Amino acid sequence: MAAYATPSAAAAVPPLNVLRPLTANLIINRLHMLLNGIAITAIFSYRLATISGITKEKRETPRLLPHLVVLVSEAILTFLWILHQAPRWRPVKRAVFPERLPEDEGQLPAVDVFVCTADPSKEPPLGVMNTVLSAMSLDYPSRKLSVYVSDDGGSSVTLNAVREAWRFSRFWVPFCRKYEVEVRCPEGYFSDHGSLGGSEDDDDDEYVADRKIIKERYSEFKDALYKNSVNASKSVSRDHPPTVEVMTDENEDSSGLREMPLLVYVAREKRRGHPHHFKGGAVNVLLRVSAVISNAPYFLVLDCDMYCNDPSSARQAMCFYLDPKVSSQIAWVQFPQQFHNATERDLYDGRLNPYLREGQGFDGLRGPVLYGCNFFMKREAIHGAKNIRMGDGLNELKELFGSSNEFIEAARHKNCYKPKLAEDRKPSGALQKELQLLASSTYDAGTQWGKQVGFRYGTVVEDGLTSLQLHCNGWVSVAVDDPDRRPCFLGTSTTNLNDMLVQQMRWSFGLMQIGLSRFTPLIYGPLRMSVLQSMCYGALVFKSLYTFPFYGLSIIPPICLLYGIPLYPNVSDPFFFAFAYVFVASHLKHVQEVYAYGDRSLGNAVYEVRVWMMKSGTGYLYALVNSVLDKFGMHETNFNVTNKAGADDEQAMLYERGMYDFRASPVLLVPLCSIYILNLACSVLGMWRMFRNGGAGSLLAQAALSFYGVVVNCHLLEGMFLRKDSGRISGYVSQIAIMASGVVFGCGSLLVHCC
């Protein structure tokens with residue numbers, strides 16, 4: 001996308017946003033592509049020549065299969081490397097200037113906020129309501145702000161928590177606005193590290209008195225939630241009618257209500273045997289319900305634990321939507337996922353920095369993908385309104401949007417539609433009946449919801465498929481990731497290995513579902529958007545393929561090292577330089593990207609490589625297997641809610657000390673530990689034999705590769721044999737891993753010697 005303002009225009013009217021290409025990164029990236037591409041070409045020339053020579057030789061010791069395995073592994077790595085160069089082609093950064101927005105609040109469009117939760121036992125109501133309260137107190141006109149809470153569990157605990165949050169908000173929202181509080185999440189504000197910010201002054205007697213009162217009210221609010229949360233898990237229902245409740249006070253007049261944002265509780269209907277389409281289905285219900293209650297032209301989607309940390313986020317998004325040069329093209333404005341509990345040692349890739357770095361490259365093309373939360377989206381885009389013609393008949397629109405006349409009017413007339421909610425915020429009988437219809441479990445049936453309208457179905461990562469289709473339909477997106485500003489949204493990062501690997505397995509499984517569908521980006525994309533953008537999506541969707549080179553290069557080369565079978569050129573061979581260059585240059589490039597993004601810790605570059613190996617060894621493996629089974633109808637897709645209840649004391653202590661918590665499922669740990677033991681044994685014994693019998697030059701590359709894997713993953717050695725705390729790898733897992741490594745070694749040896 002071009003820069004947003006010409007010099008002459010900028011001189012007359014200061015721009016609301018600017019785009020700056022990262023020129024230094026661009027030059028480094030393209031130079032790396034050129035040199036690395038030349039070296040990779042040399043590698044394949046060597047590999048093909050070697051395999052051709054082996055097939056022509058008549059030798060007693062076969063060596064063809066090991067070379068073929070390594071060739072396939074290198075080919076997949078190269079394929080994925082090529083895809084990942086697309087987001088590095090033109091990285092950019094954006095800056096926004098919300099202070100330049102119109103002073104007249106009447107010119108600001110309305111915004112709906114969607115907060116999704118499913119299970120109060122795994123997503124504690126206190127954390128969810130803190131997110132809700134932070135959204136209600138955004139620095140945005142109250143009359144133009146509506147907050148919708150989706151409770152997919154239909155829990156009475158969550159409904160009562162929303163009612164309590166409404167009561168507390170009557171004090172919290174005015175307090176935040178009066179004193180211009182910076183941290184508008186109550187828990188963050190009252191914590192030790194909470195910032196008072198704004199115009200607050202401890203010497204202001206009125207402020208001190210008000211803060212004391214609001215703190216007491218917050219304590220009462222928390223006590224009410226704790227009492228209400230007893231037996232939370234038993235309150236969750238998978239079979240319940242729809243419930244839509246607009247929060248209001250019986251004794252409050254309409255003028256007082258207008259000073260408060262709208263708060264609505266929504267529990268869509270769930271019936272056994274009816275598909276519910278996970279989070280995508282829940283958000284689509286919110287889209288329909290909100291359309292006839294508030295019908296804001298823009299909406300913000302938040303995860304239940306991702307609270308608003310900077311109250312200006314809506315105004316920052318409007319810096320794009322109110323820019324006439326680009327507003328008609330933009331479907332969504334994406335903010336990064338950042339976490340308040342991230343530590344200096346990013347053990348579990350909690351900062352998601354690799355994705356954010358690539359997001360700068362996505363933004364230089366048609367924009368970033370949807371991250372699942374923290375995005376402001378144009379309702380017109382998600383409704384597929386570009387395909388709606390005002391002359392369409394009602395029956396045709398019902399095939400698209402469903403049977404609700406009220407919703408069709410809202411979608412059809414957009415800004416001129418007036419919602420039917422009364423001034424006292426009490427839905428009439430007719431409106432309540434319409435809301436029940438829109439939230440029913442069968443409303444989607446026979447319509448284009450999940451296909452052309454709303455968030456797309458067919459995968460557990462509905463955001464990935466939705467953003468792909470919207471980009472293919474001509475929409476663009478933008479990313480706001482300014483390190484000089486406060487993080488707009490903060491959540492809770494994963495603090496243990498099990499949750500990280502399970503989460504990655506779920507995400508990768510959903511992405512691979514897209515890759516195996518008719519929407520596979522490398523085929524579906526190029527006819528509808530640029531090749532580079534299609535490659536960006538391909539890099540995201542096909543990342544589970546990393547599991548093939550991970551196992552291919554961590555099993556065959558170590559075994560061949562032990563048997564003295566060279567798979568790489570001799571040190572004196574000119575081709576050795578090509579292999580060495582690709583290995584060293586790739587790691588130096590990774591370090592450069594880490595530093596360029598603002599992380600000055602070399603250790604975190606190592607942690608990222610380590611996490612990539614752990615994901616490839618387990619998360620990607622199971623995601624790939626499940627996606628293939630799902631393709632053939634042999635796997636039932638499910639969505640497990642990540643536990644956001646927080647870490648126990650011991651787990652938190654390990655996380656703060658930068659120590660891995662290996663209390664994970666053996667299914668996740670055994671593959672990693674068995675491969676590590678295999679490499680450790682083959683590396684030690686192979687190098688001892690290599691130096692004893694000579695031939696160090698021809699086996700040096702293999703020895704270095706195995707040794708590299710052993711060193712990078714030394715935390716597994718520590719967890720199996722050195723640590724004594726409860727976070728170590730259990731002896732049971734270690735024993736199974738030792739036996740499994742023996743089986744892998746035996747099978748590998750058989751293949752090496754027989755093929």
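Let's start where Leu394, Leu397, Lys398 and Phe401 of helix 13 meet Asn405, Phe407, Ile408, Ala411 and Arg412 of helix 14; contact here means heavy atoms within 4.5 Å. By type, the residues of this contact split into six nonpolar, one polar and two charged.

A word on the source: this is a predicted model, where local features need pLDDT of at least 70, side-chain atom pairs count only at pLDDT 80 or more, and totals for chains, interfaces and linings use all residues. Residues are numbered from 1 along each chain as its sequence is written, and side-chain values use heavy atoms, with hydrogens and water left out.

Helix 13 (residues 394-401) and helix 14 (residues 405-413) pack at about 95 degrees, with axes 10 Å apart. That makes helix 13 roughly perpendicular to helix 14 (the label covers 65 to 115 degrees).

Next, the inside. The largest nonpolar core has 114 residues, and Val289 and Ile293 touch the most other members. Such a core joins buried Ala, Val, Leu, Ile, Met, Phe, Trp, Tyr and Cys residues through side-chain atoms within 4.5 Å, buried being under 20% relative accessible area with a 1.4 Å probe, protein chains only. Helix 5 (residues 156-179) gives the most to this core, 11 residues.

What about disulfides, pairs of cysteine sulfur atoms within 2.5 Å? A search of the whole structure finds zero. Two cysteines show why, as each closest sulfur is too far for a bond.

| Cysteine | Closest cysteine sulfur |
|---|---|
| Cys373 | Cys116, 9.7 Å |
| Cys472 | Cys536, 12 Å |

Cys373 is buried at 0% relative accessibility, and Cys472 is buried at 8%.

How values were computed. Buried < 20%, exposed > 50% of the residue type's maximum accessible area, 1.4 Å probe, protein only. Helix = DSSP H or I, 4+ residues; strand = E, 2+ residues; numbered from the N terminus. Disulfide = S-S within 2.5 Å. Axes fitted to C-alpha atoms, helices over the stretch in contact; angles between N-to-C directions. Parallel < 35°, antiparallel > 145°, perpendicular 65-115°, else oblique. Nonpolar A, V, L, I, M, F, W, Y, C, P; charged D, E, K, R; others polar.
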